[in-house]
Amino acid sequence: MGAVNPVPGYEIEAEDVVWLRLDVAVAAAARREAARLARRVGMDPVRVAEIELAVTEAATNLQKYARDGALALRVTTLRDRAALELFSVDSGPGMADVGSALVDGVSGSGTLGVGMGAIARFADVFDVHSLPGRGTALLARFWSGGAPGPLPGSDEPEVAGLTRPISGEEVCGDTWAARTEHGPDGARAVTVMMCDGLGHGPLAALAGERARAAFRAGPHGSPQDVVRALHAELRGSRGAAVTVARADFSQGSVEHCGVGNISAFVVSGEKRNTLLSLPGIVGHQMPALRSFRTPLGPDAVLVLHSDGLSDRWSPAALPGLFARQPAVVAAQLLGQAGVRRDDAGIVIARAARR
């Protein structure tokens, strides 16, 4: 499947995420952490101050209006560029009219109107999705170096993921990675890995780190070849559940190979198609590997997540979500389907939007 002699495009993978649960001190804590991360990637004092204001507005909105929620901060890199990303995820009350909430000064019971317009102005990339009565997911991305947007004019596939450790742990055993590729015929494809290191805590996180490093350094071949390489690297570790999928949006198909309890879906409109996985543990009990192929429409979205998210979600119950930025899709699904009693990880891929 895909182009002959594929050429690597770019790699993107899970980064450390700082999660801050909603409490009386969340605004101060988020402001300090955002400033620290922004300075770490070389942002100037004016940009740091703008980020502090945006993060404070997001935290204040959570405190005023949300029933429960959290902020997440991380540094993400793409090729030679770095950005600070802010996520706000809550469990309600949500907004019936997101557009009016973005107008400065618009607020009221059941909305997060105050401050959202300011966040959108300061951010290079801003997106939000809200489900009335159920919750809101917000993304604000601030690129270093003064260059807005992730890759202007690029037709690379769009990929984003998010991880969250089990309550009480600082590190997460779930991780993900992706790499794009293109060929002389103009085809664009992305290979995505979702990994759930068994158990929780540092040993599970170590298995995930080894899987991510092996994916980064390993073969640019079929998903089956990648899983086989991960199995060799994870021997002696706790092992992991792993799914690797290669989505070729030019050819309209996805090839995947999964071992263990990773949920994988192709979402098209209000329907989702489940991708099969084999029983076993990568690094310990490897079954006879098989790859499967599934149709992939031009507007389809590939979703891979660990069992830290319930797989009972339905696209029909999430209207408008899968047209949003992949990072917002990941955050909203994590907020709506994530469980607190497990590590949680999700990665989203779709074709580039023109």
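Helix axes are taken here as lines fitted to C-alpha atoms over the stretch in contact, and the angle between two of them runs from 0 to 180 degrees between N-to-C directions. In the predicted model, the axes of helices H5 and H6 come within 9 Å of each other and cross at roughly 135°. H5 is therefore oblique to H6, since angles over 145 degrees would be needed for a roughly antiparallel pair. The crossing of H5 past H6 is right-handed. On the H5 side the contact is formed by Arg210, Ala211, Ala214 and Phe215, and on the H6 side by Val226, Leu230 and Glu233. Sorted by class, the residues in this contact comprise five nonpolar and two charged, with no polar ones.

The loop that links H5 (201–217) to H6 (223–233) contains proline 219. This proline is partly exposed, its relative accessible area being 34%. Beyond four places in sequence, proline 219 touches Arg179, Asp225, Val226 and Ala229. Of these, Val226 also takes part in the contact of H6 with H5. The C-alpha atom of proline 219 is separated by 7.6 Å from that of alanine 229, which is ten residues away along the chain.

H1 passes H2 in a right-handed crossing. H1 contributes Val26, Ala27, Ala30, Arg31, Ala34, Ala35, Ala38 and Arg39 to the contact, while H2 contributes Val48, Ile51, Glu52, Val55, Thr56, Ala59 and Gln63. Ten of the residues in the contact of H1 with H2 are nonpolar, two are polar and three are charged.

Two further loop positions were examined. Proline 93 is located between strand E4 (81–90) and helix H3 (98–101). Glycine 92 and proline 93 are joined by a cis peptide bond, with omega of about 15°. Most peptide bonds, by contrast, are trans. Serine 306 lies in the loop running from strand E15 (301–305) to helix H7 (326–337). Its relative accessible area is 0%, and serine 306 is thus buried. Apart from neighbours within four places in sequence, serine 306 is in contact with Asp174, Met194, Asp196, Asn261, Ile262, Asp343, Ala344 and Gly345.

Over the whole protein, seven helices and 16 strands are assigned. Of its 354 residues, 55% count as buried. Among contacts between residues at least 6 apart in sequence, 70% join residues at least 24 apart.

The mean pLDDT of the protein is 88, and 88% of the residues reach 70 or more. Where pLDDT is low, the predicted coordinates should not be read in detail.

Note on methods
Residues numbered from 1 in each chain as written. Predicted model: local features only at pLDDT ≥ 70, side-chain atom pairs only at ≥ 80, totals over all residues. Heavy atoms only, no water. Left-handed = near helix turned anticlockwise from the far one by under 90°. Helix = DSSP H or I, 4+ residues; strand = E, 2+ residues; numbered from the N terminus. Contact = heavy atoms within 4.5 Å. Nonpolar A, V, L, I, M, F, W, Y, C, P; charged D, E, K, R; others polar. pLDDT = per-residue confidence, 0-100. Buried < 20%, exposed > 50% of the residue type's maximum accessible area, 1.4 Å probe, protein only. Parallel < 35°, antiparallel > 145°, perpendicular 65-115°, else oblique.
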